[in-house]
Amino acid sequence: MQVLQVQLEVGPDPAEVGRARRWARSRLAGSGIGDDEPLAETLILLISELVTNAVVHTGCPAVLRMLFGGPGVRVEVADASDRAPARRQAGGEDTNGRGLELVDGLADRWGWQREGQGKRIWCEIDRAEKSTSDGATDGPPEVHPSMREPRVYL
């Protein structure tokens, strides 16, 4: 199986998140995933969350990678911080602190691992579509939340 990998270096500035989203949209379109597809919107949201976490919580530059091939799309963000990603408990009025909850809810799989002096956090979205009773397709398959337990690799 052939896998296409593209990557972007991201500076330690929150303004870089917008640049990463624009770059990712163009790469998704180049891989045949249309801007108007729900898969594209989900991937852009995941990329936004992972890049934001990297630049805001670490203050380090990061590398965003997208891997296309096989049954899905894999997104990875590597940074030089050795701090493990941590879920936060956001209150009802809080404007941040929900990033990893979104990743957990939207990705089919996700996790992280140490990489050199830093770490890499990743998530995957399957491209398979489910069939409805009339034979039409209706986006990616639903996964029960209990099946989405994050896999953490140390």
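Visitor: Which residues of α1 are called buried?
Guide: The buried residues of α1 are Glu16, Val17, Gly18, Ala20, Trp23, Ala24 and Leu28. Buried means under 20% relative accessible area, exposed over 50%, and partly exposed in between, with a 1.4 Å probe and protein chains only. The model is predicted, so local features need pLDDT of at least 70 and side-chain atom pairs count only at pLDDT 80 or more, while totals for chains, interfaces and linings use all residues. Residues are numbered from 1 along each chain as its sequence is written, and side-chain values use heavy atoms, leaving out hydrogens and water.

Visitor: What covers the buried residues of α1?
Guide: The cover includes β1 (4–10), α2 and β2 (62–69), with contact meaning heavy atoms within 4.5 Å. Helices (H or I, at least four residues) and strands (E, at least two) are DSSP runs, numbered from the N terminus.

Visitor: How does the reach of helix α1 compare with what is expected?
Guide: Helix α1 (residues 16–30) has 15 residues and reaches 21 Å from first C-alpha to last, close to the expected 21 Å. The expected span is 1.5 Å times one less than the number of residues.

Visitor: Why is Glu16 called buried?
Guide: Its relative accessibility is 17%, so Glu16 counts as buried.

Visitor: What makes Arg19 and Glu16 a salt bridge?
Guide: Their side chains meet at 2.8 Å, N to O. A salt bridge is a side-chain nitrogen of Lys or Arg within 4 Å of a carboxyl oxygen of Asp or Glu, so the pair, at 2.8 Å, counts as one. Both residues lie in helix α1, three residues apart, about one turn of the helix.

Visitor: What do Arg25 and Glu41 tie together?
Guide: The side chains of Arg25 and Glu41 meet in a salt bridge at 3.2 Å, N to O. Arg25 lies in helix α1 and Glu41 in helix α2, so the pair ties together parts that are 16 residues apart in sequence.

Visitor: Is Arg25 buried or partly exposed?
Guide: At 28% relative accessibility, Arg25 counts as partly exposed. Glu41 is also partly exposed, at 39%.

Visitor: How many salt bridges does the rule give?
Guide: The count comes to eleven.

Visitor: How many disulfides does a search of the whole structure find?
Guide: A disulfide is a pair of cysteine sulfur atoms within 2.5 Å, and the search finds zero. Cys60 is buried, with a relative accessible area of 17%, and Cys123 is buried at 0%.
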